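Trainee: I have a two-chain model to study. Can you take me through it in short steps?

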Amino acid sequence: MTAMLLVTLTHWQAFLFFAAVISVAFGFLGRRQPKDRVKYILWSFFLFLVVGIGIAWAMYPFSR
Amino acid sequence: MNQHNDETPLLELPVVIDGAPPQGVRQAEPSEAKAWSVAIAGWLVPGLGHAMQRMWGRALVVFFTVGLLVVVGASMRGNLFTSNGSDAFDTLGYVADLGVGSFYFLARAVERTGADVSHAGGDYGTRFLATAGVLNLLAALHAYEAARGRKA
């Protein structure tokens, strides 16, 4: 079989994918109760977005 | 004749507080060997360490998140490091990639034409693969700690 799966994601899609997958894993590993897990996943996802966008803006002056 | 004193109970029942075993009943000690076998199984097959302890939700999530990161990372033509790296960063990347256990070979199977980090996609793929490895090592450590009874 020589077929190969190719995936192309934009920066934003890759960023969202990464944040979502890691947040879900952290939520399940870090909390036991379903309600706590959902809260943790949403909070973690939000922080990934805020910190990621924050770092991107902080690096902007040095990007050229 | 035996006369019963009202202050002494007729039958002494064990008192159970907060799920603790009754006095005099020994709880099974978590085995160190079992904890290590859980950790190694969790490293080899993502989620297996948790599955061995009947933590089904965590087992499934670890299996699918690590697997998804590996498949997407390799499909984006991320760099899957090998043992013959040229510098310390390559070696570090190899250690991180080995963290996915048997999924390392899955990534090799998906990434047939080799890495392409000349585009941002390939670079993101490299990060996804490394993250999958570190995440799986974290999950294996969590399973190990749970097997030792430290946390769950």
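Trainee: Is Ser102(B) buried or exposed?

Mentor: This is a predicted model: local features need pLDDT of at least 70, side-chain atom pairs count only at pLDDT 80 or more, and totals for chains, interfaces and linings use all residues. Residues are numbered from 1 along each chain as its sequence is written, and chains are lettered from A, ligands numbered from 1, in the order in which they are written. A residue is buried if 20 or more other C-beta atoms, placed from the backbone, lie within 10 Å of its own, exposed if 12 or fewer, and partly exposed in between. Ser102(B) has 11 C-beta neighbours inside 10 Å, so Ser102(B) counts as exposed.

Trainee: Which residues is Ser102(B) in contact with, leaving aside its neighbours within four places in sequence?

Mentor: Ser102(B) sits in the loop between H4 (88-98) and H5 of chain B. Its C-alpha atom is 5.3 Å from that of Leu44(B), 58 residues apart along the chain. Contact means C-beta atoms, placed from the backbone, within 7 Å. With neighbours within four places left aside, the partners are Leu44(B) and Val45(B).

Trainee: How many helices does chain B have?

Mentor: Helices (H or I, at least four residues) and strands (E, at least two) are DSSP runs, numbered from the N terminus. Chain B runs α-α-α-α-α-α from the N terminus. It has 0 strands, and its helices number 6.

Trainee: Are H1(B) and H6(B) roughly parallel or roughly antiparallel?

Mentor: Their axes lie 8 Å apart, and the packing angle is about 160°. Axes are lines fitted to C-alpha atoms, for helices over the stretch in contact, and angles run from 0 to 180 degrees between N-to-C directions. Under 35 degrees counts as roughly parallel, over 145 as roughly antiparallel, 65 to 115 as roughly perpendicular and the rest as oblique. H1(B) and H6(B) are therefore roughly antiparallel.

Trainee: Which residues of H6(B) make the contact with H1(B)?

Mentor: H1(B) brings Lys34(B), Ala35(B), Val38(B), Ala39(B), Gly42(B) and Trp43(B). From H6(B) come Asn136(B), Leu137(B), Ala139(B), Ala140(B), Ala143(B), Tyr144(B) and Ala147(B).

Trainee: Which element gives the largest share of the side of chain B that touches chain A?

Mentor: Here 21 residues of chain B are in contact with 17 residues of chain A. H3 (56-75) and H6 (120-147) of chain B each give two or more residues to that side. The largest share, 9 residues, comes from H3(B).

Trainee: Is Arg77(B) buried or exposed?

Mentor: Most residues other than glycine have a negative phi. Arg77(B) has a positive phi near 60°, and Arg54(B) also has a positive phi, of about 60°. Arg54(B) has 7 other C-beta atoms within 10 Å and is exposed. Arg77(B), in the loop between H3 and H4 of chain B, has 27 other C-beta atoms within 10 Å, so Arg77(B) is buried.

Conventions
Contact = placed C-beta atoms within 7 Å.
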